[in-house]
Amino acid sequence: VFGALSLYTVFALGPVIWILLMSFKQIKDIVGPPTVVFSPTFENYTAVFTGGFLTYYWNTFVIAVGSIVLSAVIGIPAAYALARFRFRFRDDLAFAILSIRFAPELSVLLPLFLLYKQLGLYDTYLGLILVYQLVTLPLFVWIMRGFFEEIPREVEDAAKTDGASLLQTMWYVMLP
């Protein structure tokens with residue numbers, strides 16, 4: 001059993017180890033036939049960290065965090081309302097929100113580009129965060145709605161009986 005697990009570990013980690021080894025090779029060693037013996041170099045790491053990689057990484061971090069925060073700020077109350085309040089066309093609205101994800105991107109691309117050019121959102125963090133909402137927000141609302149529906153109404157009623165407001169009930173009882 002130990003031998004089989006060791007063989008599987010080597011098989012599973014083989015590609016990761018190969019890529020790590022390639023990161024220490026020079027270009028001629030990577031492009032040519034595979035070599036096991038080579039002289040290691042740190043030129044690749046120097047090129048990555050001095051060539052703008054950290055700027056790109058920071059851009060990705062800002063956009064990802066901004067998208068998540070905006071999705072949460074908008075999506076949690078929307079999902080809570082869709083899960084707990086009874087109103088006409090509630091299920092239709094929930095499906096309409098989810099169906100936004102199914103829209104072809106090309107049908108939105110040109111109008112969005114023209115709108116962003118006029119509003120000054122083109123090539124900005126905020127512009128990209130807002131575009132990501134077309135993908136993340138519908139899925140976030142749909143998933144959070146399912147979570148809120150799984151929580152028994154008695155828990156929410158108990159919080160209201162203890163004097164919690166609607167916002168406090170959502171924040172302190174439903175979200176945790």
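Buried means under 20% relative accessible area, exposed over 50%, and partly exposed in between, with a 1.4 Å probe and protein chains only. Keep that at hand for the exercises below.

This is a predicted model, in which local features need pLDDT of at least 70 and side-chain atom pairs count only at pLDDT 80 or more, while totals for chains, interfaces and linings use all residues. Residues are numbered from 1 along each chain as its sequence is written, and side-chain values use heavy atoms, with hydrogens and water left out.

**Exercise 1.** Work out how helices α4 and α9 pack, and which residues make the contact.

*Step 1.* Find the helices, which are DSSP runs of H or I with at least four residues, numbered from the N terminus. Here α4 covers residues 53-84 and α9 residues 166-174.

*Step 2.* Take the axes, which are lines fitted to C-alpha atoms over the stretch in contact, with angles running from 0 to 180 degrees between N-to-C directions. The angle is about 100° and the axes are 12 Å apart. Since 65 to 115 degrees counts as roughly perpendicular, α4 and α9 are roughly perpendicular to each other.

*Step 3.* List the contact (heavy atoms within 4.5 Å). From α4 come Ile76, Pro77, Tyr80 and Arg84, and from α9 Leu166, Thr169, Met170 and Met174.

**Exercise 2.** Decide which residues of α9 are buried and how they are arranged around the helix.

*Step 1.* Thr169, Met170 and Met174 are the buried residues of α9.

*Step 2.* Viewed down the axis of α9, the buried residues fall within an arc of 95°, so they line one face of the helix. The arc is that of the directions from the helix axis to the C-beta atoms.

*Step 3.* Leu167, Trp171 and Tyr172 are exposed on the other side of α9. The cover over its buried residues includes α4, α7 (125-150) and α8 (153-161).

Definitions and conventions
Helices (H or I, at least four residues) and strands (E, at least two) are DSSP runs, numbered from the N terminus. Angles under 35 degrees count as roughly parallel, over 145 as roughly antiparallel, 65 to 115 as roughly perpendicular and the rest as oblique.
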